[in-house]
Amino acid sequence: MRSITSQYLARYRRLTGDRSDSVLPVTGAQRRFLLVRSLDPSGRPDVVPMFFAFPHGTIDPERLQAAASRLAARHTALRSRPAVVRGTPVLCVADPDVGVTRPALVPGESPADALRRALESWDAQGPPLRLFLVRDEEREEEILAVALDHAVCDGRSLARIVDELGAAYSEEATDSHAAPGETEGELAAYRDAVLRQLAAEERAETPEAAAYWADRLRTLHAHAPAPSPARVPEGTRPSGAAQARLPAYDGGVSFPGLLDACRSAARELYGRGRTVPLGYPWGGRPPGAEPVVGCFLNTLVFPADTDYGTGDEPGTGTGSEATADAWWDDLDRADVPFDAIVTAARAAGSGWTGGLDGLLTVDDDNRRPPLVLAGVEGREVHVDGRPVRGPFAVSITQGAEIRLRMVWDRAVLDDETAQRAFEALTHALRPSEPTVQ
């Protein structure tokens, strides 16, 4: 039987022929985003916003729009619309169309409320890169939201987008066009990178890899209760959030240590005796591909056994030996696309349907440049309370300190339980106190 990737490529080629400059294939990671969107009754895509506060008078909206349009013209992914054509997920290449929307505050509404409202009204048929600008009279600031459809942008691309948006803003040009040769060359590089990634995924879908993931995920079940709007307390926003700053470790916390910390949170949320599906992005650009902006980070699945202890004192930065060993084995099969992993697990008798009970993303503080417009550095802020995809999500930024955030869907998890989970997560990552002799 042909692999899922082989079947996808065959459908794509029947749709477009040997080559198309207007309809491009998508990677396995992008297929996952489009599948999740198709299963959402509202058709809501995953949106990744970044928020930056600038002093009043810093931002020239016309100049910002021209800069963002040039940025989109230079990167195929930022001007392409995700779509499903005759049952085949694709990217439809379009001209850059980036506007700066200035939502007007309704009476009693805060700037954060206005941004939440603007993002919740996201039209899935519109451009994948959008800018929203709201004035905060009380703080004498303007808050800029740089928002992207997650189907065209992975986390690794965000820092580059921020850096290049600031650089484009500093250019003298006020038009919204990139040089034709630059645009055509990047489109060819983007297509090549996607096809290289799909080739890697096709090679990775072996019977041996399918057997590995089937055995690894055999005991998985989604344990979060089904979402229910009735669980959301009246007058509250759809999601809750908590954050903390912790001292950094020498060398940072290892990734297996972070997975074990998330296991501690899952234990509080779902109880003991569970094997909880936690997802995290992993991967890189395929060998030989240009470093294009796009979505290539696959979602890997970690089966978190909530009866399992961390095995190490907090702060050692090593994680448990068993977690580390299993994680390294997972990475050897990291190119197997998510939909193929779900298919393998279900073929082996697992009751898991592909839902994730938790998500983990990890950043390096050194790879998160600030947005600088005309020499003014924006202050990154958070606008919480937006709808979230999945029961809970953890983001960790490591650098001079550990910045820890957790958000949860109130239609799935109550605030009290989520706060206990966040405390367990924080405790697992906090350096241990020296023993007093």
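Modeller: Start with helix α10, whose buried residues are Phe338, Ala340, Ile341, Val342, Ala344 and Ala345. Buried means under 20% relative accessible area, exposed over 50% and partly exposed in between, using a 1.4 Å probe and protein chains only. Helices (H or I, at least four residues) and strands (E, at least two) are DSSP runs numbered from the N terminus. The model is predicted, so local features need pLDDT of at least 70 and side-chain atom pairs pLDDT 80 or more, while totals for chains, interfaces and linings use all residues. Numbering starts from 1 along each chain as its sequence is written, and side-chain values use heavy atoms, with hydrogens and water left out.

Biologist: Which elements do the buried residues of α10 pack against?

Modeller: Packing is read from contacts, meaning heavy atoms within 4.5 Å. By that rule the buried residues of α10 pack against α1, α2, α7 and β10. Just after α10, Gly349 has a positive phi of about 100°.

Biologist: Why is strand β10 described as largely enclosed?

Modeller: Seven of the eight residues of β10 (298–305) are buried, so the rest of the structure largely encloses the strand. For its pairing, the rule is that DSSP must find at least two bridges between two strands. Strand β9 (275–282) runs antiparallel to β10, and eight bridges join them.

Biologist: What is the order of strands in the open sheet of three?

Modeller: The order is β1-β4-β3, with antiparallel pairing. The edge strands, β1 (23–24) and β3 (80–85), each pair on one side only. Two bridges connect β1 with β4 (88–93) in the antiparallel sense; Leu24 has Leu91 of β4 as its bridge partner.

Biologist: At what angle does α1 run to β4?

Modeller: Axes are lines fitted to C-alpha atoms, for helices over the stretch in contact, and angles run from 0 to 180 degrees between N-to-C directions. Helix α1 lies across β1, β3 and β4, at about 50° to β4. Helix α2 (28–39) lies across β3 and β4, at about 105° to β4.

Biologist: Now single residues. Is Leu165 buried or exposed?

Modeller: Leu165 is buried, with 3% relative accessibility, and belongs to helix α5 (155–170). Leaving out residues up to four places away in sequence, Leu165 touches Leu64, Ala67, Ala68, Leu71, Val146 and Leu371. Val146 is 19 residues from Leu165 in sequence, and their C-alpha atoms are 9.8 Å apart.

Biologist: Where do Glu140 and Ala374 lie?

Modeller: Glu140 is in the loop between β6 (129–136) and β7 (141–149). Although not a glycine, Glu140 has a positive phi of about 55°, and it is exposed, with a relative accessible area of 55%. Ala374 is in the loop between β12 (372–373) and β13 (376–377). Phi of Ala374 is also positive, near 55°, and Ala374 counts as partly exposed at 46% relative accessibility.

Biologist: How many cavities of 30 Å³ or more does a search of the whole structure find?

Modeller: Rolling a probe the size of a water molecule over the atoms shows where empty space is left. On a 1 Å grid over the protein atoms alone, a cavity is a set of points where a 1.4 Å probe fits but cannot get out; a pocket is an open set with protein on both sides within 12 Å along at least five of seven lines; lining residues have an atom within 4 Å of a point. Points are joined across faces, edges and corners, and a volume is the space filled by probe spheres set on them. The search finds one such cavity. The largest cavity has a volume of about 30 Å³, and its lining includes Leu78, Arg79, Asp95 and Pro127.

Biologist: What lines the second largest pocket?

Modeller: This pocket holds about 330 Å³ of space. It has 17 lining residues, with Ser3, Ile4, Glu205, Ala210 and Thr343 nearest its centre. The elements giving two or more residues to this lining are α1 (4–16), α7 (207–216) and α10 (338–347); α7 gives the largest share, five residues.
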